[in-house]
Amino acid sequence: MKHFNVVRHFKYWFALSGFLVIISLASILMNGFNFGIDFTGGTILDVSYQQPVTVADVRDGLAKRGLETSVIQLSGDAQEESGRNVIIRTRNLSAEESQQVVADISLPDNPAEMNRIETVGAVIGSEVTKNTLLNVVLSFGFLIAYMSFRFEHRIAISAITAICHDILMVLGVFAFFQLEIDGSFLAAILTVLGYSMNESVVIFDRIRENLHTHRKTDSYEVLANDSIRQTIRRSCYTLTTTMFAVASLYFFGGDTTKNFALVMMIGFISGAYSSICVATSIWVKWHEHGHSARNANLHKADAENA
């Protein structure tokens, strides 16, 4: 990394990001999203067993129909890890499907019996979703204002572009593979937003400091690359440590936390990449284009005066 010129390869970064953004948008438009019961409502199944069962036993049965991400709760005289009464909250099921699910979760020597079936509404309604989107837009507005005040508007727009890139990567993966989106998804998206912004602020803060120490003959490309080299180790350490935690949650945390952890895994990797390669390249090329336009105007004015 010591001699690697990140900004000089901006065409590769823009081409790669542009391709991924197009694929993500196409997946979103063509496939849509697989909203979970938090958004769409669902069915509550209240079942009982003759012998205590664990949550893992019930989840294994639900996995036969792709319902392993359902919310499973032990009730009644449940012990710490097992119980005879189980409440399952899953997607909308017909009466026939509900009976089939009960058959799936029955054990060979411990059959499940249906006590109650109830249809429930969405926990996260359209109003909550609209308010969440509004809050994200307002957050973007405050971030642009803050970074424009602390740095400059070019840095603010470059950082916001990187954040939008990261969120699109996550949305594209979930749309392409039709992964379930639930309430925890929104929390994970906001975490990705904060991580990506933090990575951009670290690099651009170093750029701001180097503006006062670098030679005035240095180009913006040299300035940006030096700043990246000075912060790349910190960015790698941050990404590595967070990925250890998130990967552990994904692989060992159970089915209910997989999608939550996956959002952060994709977002953190994309955030590190976009902050280093995309945001800085946008800022440099924007400055260079501005200087080229001003020089062209000066030459034009000199030619007219002559």
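Predicted model: local features only at pLDDT ≥ 70, side-chain atom pairs only at ≥ 80, totals over all residues.
**Overview**

The protein comprises nine helices and six strands. It has 306 residues, of which 43% count as buried. Among contacts between residues at least 6 apart in sequence, 79% join residues at least 24 apart.

**The four-stranded sheet**

Four strands make up an open sheet, and their order is E3-E4-E2-E5 with antiparallel pairing. The edges of this sheet are strand E3 (71–75) and strand E5 (112–120), each of which pairs on one side only. On average, neighbouring strands are turned by 25 degrees against each other when direction is ignored.

Strand E2 spans residues 42–54 and is joined to E5 by eight bridges. Within this pairing, Leu-45 stands opposite Ile-117 of E5. E2 is also joined to E4, again by eight bridges, and here Val-47 stands opposite Val-86 of E4. E3 and E4 are paired over five bridges; the bridge partner of Gln-73 in E4 is Ile-87.

As a general point, the side chains of a regular strand alternate between the two faces of the sheet.

Helix H3, residues 55–62, lies across E2, E3 and strand E4 (82–90), and runs at about 125 degrees to E2. Helix H4, residues 95–105, packs on the sheet and touches E2, E4 and E5. The direction of H4 makes about 25 degrees with that of E2.

**Ser-48 in strand E2**

Ser-48 belongs to strand E2. What joins the side chain of Ser-48 to that of Asn-115? The link is a polar contact of 3.4 Å between the two side chains. Beyond its neighbours within four places in sequence, Ser-48 is in contact with Arg-84, Asn-85, Pro-111, Ala-112, Glu-113 and Asn-115.

**The packing of H6 and H7**

In general terms, two packed helices are described by the angle between their axes and the distance between the axes. For helix H6 (residues 153–176) and helix H7 (residues 183–211), the axes come within 9 Å and cross at roughly 145 degrees. The crossing of H6 and H7 is right-handed. On the H6 side, the contact is made by Ile-155, Ser-158, Ala-159, Ile-160, Ala-162, Ile-163, Asp-166, Ile-167, Val-170, Leu-171 and Phe-174. On the H7 side, the contributing residues are Phe-185, Ile-189, Val-192, Leu-193, Ser-196, Met-197, Ser-200 and Phe-204. By class, this contact has 15 nonpolar, three polar and one charged residues.

Ser-200 lies in helix H7. Apart from residues up to four places away in sequence, Ser-200 touches Ala-159, Ala-162 and Ser-275. Both Ala-159 and Ala-162 are listed among the H6 residues in the helix contact.

Asn-210 is also placed in helix H7. Its side chain makes a polar contact of 2.8 Å with the side chain of Ser-227. With neighbours within four places in sequence left aside, Asn-210 is in contact with Leu-223, Ser-227 and Gln-230.

Gln-178 is found in the loop between H6 and strand E6 (180–181). Phi of Gln-178 is near 55 degrees, a positive value in a residue other than glycine.

The accessibility of the individual residues discussed above is set out below.

| Residue | Relative accessible area | Class |
|---|---|---|
| Ser-200 | 1% | buried |
| Asn-210 | 6% | buried |
| Gln-178 | 34% | partly exposed |

Definitions and conventions
Residues numbered from 1 in each chain as written. Heavy atoms only, no water. Axes fitted to C-alpha atoms, helices over the stretch in contact; angles between N-to-C directions. Helix = DSSP H or I, 4+ residues; strand = E, 2+ residues; numbered from the N terminus. Left-handed = near helix turned anticlockwise from the far one by under 90°. Contact = heavy atoms within 4.5 Å. Nonpolar A, V, L, I, M, F, W, Y, C, P; charged D, E, K, R; others polar. Buried < 20%, exposed > 50% of the residue type's maximum accessible area, 1.4 Å probe, protein only. Polar contact = N/O pair within 3.5 Å; in protein donor to acceptor, adjacent residues only side chain to side chain. Pairing = 2+ DSSP bridges.
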